[in-house]
Amino acid sequence: KWGLKMAKGIICPSQVLCDHWSYLNKTYRTWNYLNLDRYVNSTPLYPHDDIVIGWPGSMSHLASFNDSGIAGALVYVTRKYPNVRIMIGGDKRVYDRIHLPESKKFFSNYVPEDKWSQLLASIDIGLAPLAGEYDTCRSWIKGLEYMAMKIPWIASDYPTYAELKEYGTLTANGLDNWKKALCYVIENIESEREKARTTNYDFALTKTWEGNVDKLIDIFTKIINSDYQN
């Protein structure tokens, strides 16, 4: 709190975070944009013929899987659809949380940056579960990354992804809600892929760092030219 009050302003990738911190200082919404150079290699790191539902991420999402209802829903759909498998990348705790035999799921360790797009390309349906107050403060980058890779995606219906709602499938949390969302996308995979290749990808191209640098410069200039609040 002391440090933030020393600044002229606070930049946040989330409007929720802006609202949380507004009592400390002036806040400015900045978006997490895409560096398209990270998404040029679409050769799958894990080639496959079945439908892979996947999530690669950091060590801060265990609660997202524990509390959203998605873990049980993933077990459900792999039993309902024989051609479906689950891929978890990064956090082995999340992988272990999905109670399935090795034949129905596989794990990827963290990969170097130049392999990141290939890891994403190994996924047919991307996941972005969220749960709890902490997750309301995340940025939209996970959804945008799936869109940059032309991957259909499903996310918890949180403020985090509200601005992307027409480009993915948003679901309320809970076991039954996640079951319905997963089943819908699996059963409509071809139309969802077509949307991902066209509408979703075109939108993602408008959300690059290079294409939005002027907006960021305007925000930084406004902060520089403002007075200290305290």
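Here are some notes on the sheet in this structure and the helices beside it.

1. A word on the model before we start: it is predicted, so local features need pLDDT of at least 70 and side-chain atom pairs count only at pLDDT 80 or more, while totals for chains, interfaces and linings use all residues. Residues are numbered from 1 along each chain as its sequence is written, and side-chain values use heavy atoms, with hydrogens and water left out.

2. Strands here are DSSP runs of E with at least two residues, helices are runs of H or I with at least four, and both are numbered from the N terminus; two strands pair if DSSP finds at least two bridges between them.

3. Next, look at strand 3 (residues 51–56). Since 6 of its 6 residues are buried, strand 3 is largely enclosed by the rest of the structure. Buried means under 20% relative accessible area, exposed over 50%, and partly exposed in between, using a 1.4 Å probe and protein chains only. In a regular strand the side chains alternate between the two faces of the sheet. Both faces of strand 3 are covered, with I51, I53 and W55 on one side and V52, G54 and P56 on the other.

4. Strand 4 (residues 84–89) runs parallel to strand 3 and is joined to it by 6 bridges; here V52 has R85 as its bridge partner. Strand 6 (residues 125–128) pairs with strand 3 over 2 bridges, also in the parallel sense, and G126 stands opposite G54.

5. Now for the helices. Helix 8 (residues 141–148) packs with helix 10 (residues 189–204) at an angle of about 125 degrees, their axes 8 Å apart. Axes are lines fitted to C-alpha atoms, for helices over the stretch in contact, and angles run from 0 to 180 degrees between N-to-C directions. In contact (heavy atoms within 4.5 Å), L144, M147 and A148 of helix 8 meet A196, N200, Y201, F203 and A204 of helix 10.

6. Finally, have a look at K150, in the loop between helix 8 and strand 7 (153–156). K150 is not a glycine, yet its phi is positive, about 60 degrees. Most residues other than glycine have a negative phi. K150 is partly exposed, because its relative accessible area is 38%.
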